[in-house]
Amino acid sequence: MISEKNDNVLFGRFKNRWKQFWSEPVFAIAAIIIAVLLILFILAPVLAVFLKSFGIGSGGFTLQYYERFFQTPNYFRALKNSVSVGLISTLIIILISLPFALYVTRSKSVVSKAYRGIALLPLVAPPFIFSLALIILFGRRGIVSSFLNDTFGIEFSIYGFWGVVVAQVLGYFPIAYMMIESALRSINTNLEDASHDLGAGQGRTIQKITFPLASAGILKAALLVFVMALADFSNPLVIGGSDPFLASEAFALVTGRQNLEMAAVLGIFLIIPSLLVFLYQTYFMSDIDTTSIDSTSGSENLPLNNKIKSITFGISSLMVFFIVTMFFMVIAGAFVKNIGVNNTFTLEHFTDRSGWKYMYNSVIVSFFAAILAAGLGMLQGYLTARKNIPAMKFLEFIALFGLAVPGTVIGIGYILIFNGPPFFLTGTVLLLVMNMTFRKIGVGLEAGISKLGQMDVTMEEASSDLGASRFYTFRKIVLPLLSPAFMVGFVYTFMTAMISVSSVIFLISPGTNLAAVYILNLANQAAIGRASSMSFVLILIVVACMALTKWIEKRSNIGI
């Protein structure tokens, strides 16, 4: 009797929840559509890679592919190289980002403001732009390499393990720098002032007070950079030489050997660290905030003393020099016949018809992906924040997880899902759009939730009290207020989609090639002039998008 009574209670709760869910059919249908799309374009590809690594779908469950991985020296070496590069790059980046961020946050000079802008420059370029610049300078026929060989008889080449490290340090530095700078700016300066009043020197205060208070931000930066460096696809492909890496080896297994099982195994070793870091940051670090002790911000930061200022300025200047030099090399390479060999000015590299065609493809694909990512993300944010719909928190998790999944894994998963029945979408523009949409939908989601958190729900309640339907209220009240969030999601998605490589390279066809992938292929073919010219155009487009994003954020107080 007790069991039957409990069953009736549970059934009654389920029935009431079901009625409540369908009380707003428009939003219920929207939630179902979003759920299906998230599962199909984010969760299913990842699960497909996991199952494929065990042979499921091609002969039944087996561990032979994992055994082959550990028995094949090249695969194990790829894992070792990827982990080693990730650890070394992360360590160097953090060691540079700390003094750089300290100098920028503790100085009000024009130089520090300029340095802050230069530090963000790598964000506007394709991920392999520094590999291209390093080849121009230190490749087998590079400017510096040729000088060393001709003058001192020293043969030098940047290709290989350390070339990848240098490219990653330059490319991923702004990610860590932004997070550490934000943490340092959030520190309650009262504690630093108290340490100073008690007689502690500035170096000791920074060591014992400032950095420990910013430790959560530093740790988050280190974890994020490590995952990105581990899963890096384009830099090892361009400048890795003969050294194997997980992402590039997985690409070779798919495109060269059609060995999807082994590619899936390599993908698993890429996704495990990403998943662990994502879960750790989402559920274990979300409530950690050591940068603020109370609601008062305290006085302004004390300026750095001469000794510390000299050290931080020197490290910052060295990093700025390298970033500027790399960009200058790429831009210069676009306007000369053969940089370092024939420096005659020319515009012939910009007459590449294929390059302009693929640039047009990138703009179109990125535009539609940005509309969908921003629109669906904003709608999902509204359903998550305002509606009591079952499983919306789980769907939020999936959407955000899409940002963390390595592009190589997503690319392999899309081949497994969409290269056969019931879907035959590989090589189509539609699949490229959906790939970019659901890799970035989490940005629109977070922007929407952030904006809704700033909106007083009484405005919506007042509209309903006056007789407006909930859908009418959403259309006339909520949507106009969410327009800044939509624009942030749109511009960010467009900007990042334009320079995306790692996932879309698995999905393109000769008719649907994209600019970033085309530039990557040109760099691999040593067509430096054409690669530089298309990179320059791509950078200009992304710079314009970044400027628009910053303007929107200032106007709407939305952060992403």
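A word on the basis. This is a predicted model, where local features need pLDDT of at least 70, side-chain atom pairs count only at pLDDT 80 or more, and totals for chains, interfaces and linings use all residues. Residues are numbered from 1 along each chain as its sequence is written, and side-chain values use heavy atoms, with hydrogens and water left out.

Let's start inside. How many cavities of 30 Å³ or more does the structure hold? Two. A cavity here is a set of points on a 1 Å grid, over the protein atoms alone, where a 1.4 Å probe fits but cannot get out. Lining residues have an atom within 4 Å of a point. Points are joined across faces, edges and corners, and a volume is the space filled by probe spheres set on them.

The largest cavity has a volume of about 40 Å³. Its lining is made by Asn435, Met436, Arg439, Lys440, Ala497, Ser500 and Ser503. Which helix gives the most to that lining? Helix 19, residues 429-454, with four residues. Helices are DSSP runs (H or I, at least four residues), strands are too (E, at least two), and both are numbered from the N terminus. By type, the lining has two nonpolar, three polar and two charged residues. For those classes, Ala, Val, Leu, Ile, Met, Phe, Trp, Tyr, Cys and Pro are nonpolar; Asp, Glu, Lys and Arg are charged; the others, Gly among them, are polar.

Now the second largest cavity. Its volume is about 30 Å³. Among the residues lining this cavity are Ser82, Val164, Asp232 and Phe245. Four helices each supply at least two lining residues: helix 4 (73-105), helix 8 (161-185), helix 11 (215-230) and helix 13 (246-255). The lining divides into eight nonpolar, two polar and one charged.

Next, a pocket. A pocket is an open set of grid points, with protein on both sides within 12 Å along at least five of seven lines. The second largest pocket holds about 460 Å³ of space. It is lined by 20 residues, and the closest to its centre are Ile135, Arg141, Asn338, Ala526 and Ile528. Two or more lining residues come from each of helix 6 (129-138), strand 1 (336-338), helix 22 (515-524) and helix 23 (528-556). Helix 23 has the largest share, three residues. The pocket lining splits into 10 nonpolar, six polar and four charged residues.

Trp22, Ile29, Ile32, Ile33 and Val36 make a nonpolar patch of about 440 Å². Such a patch takes residues with over 30% relative accessible area and no salt bridge, and joins nonpolar side chains (Val, Leu, Ile, Met, Phe, Trp, Tyr) within 5 Å. The areas come from the Shrake-Rupley method with a 1.4 Å probe. Helix 2, residues 25-53, gives the most to the patch, with four residues. Take Ile32, which lies in helix 2. The cut-offs: buried is under 20%, exposed is over 50%, and partly exposed is in between.

Last, the salt bridges. There are seven. Each is a side-chain nitrogen of Lys or Arg within 4 Å of a carboxyl oxygen of Asp or Glu.

First up, Arg77 and Asp243. Their closest N and O atoms are 2.8 Å apart. Arg77 lies in helix 4 and Asp243 in the loop between helix 12 (234-239) and helix 13, so the bridge ties together parts 166 residues apart in sequence. Arg77 is partly exposed at 38%. Asp243 is buried at 17%.

Then Arg530 and Asp352, at 3.4 Å from N to O. Arg530 lies in helix 23, and Asp352 in the loop between strand 2 (342-345) and helix 16 (353-386), so this pair ties together parts that are 178 residues apart in sequence. Arg530 is partly exposed at 32%. Asp352 is buried at 9%.

Glu396 and Lys393 meet at 3.5 Å, N to O. Both lie in helix 17 (residues 392-404), three residues apart, about one turn of the helix. Glu396 is buried at 13%, whereas Lys393 is exposed at 60%.

One more item: Arg116, Glu181 and Arg185 are linked in a network of salt bridges.

Terms used. Patch = residues over 30% accessible without salt bridge, like charges linked within 9 Å, V, L, I, M, F, W, Y side chains within 5 Å. Buried < 20%, exposed > 50% of the residue type's maximum accessible area, 1.4 Å probe, protein only.
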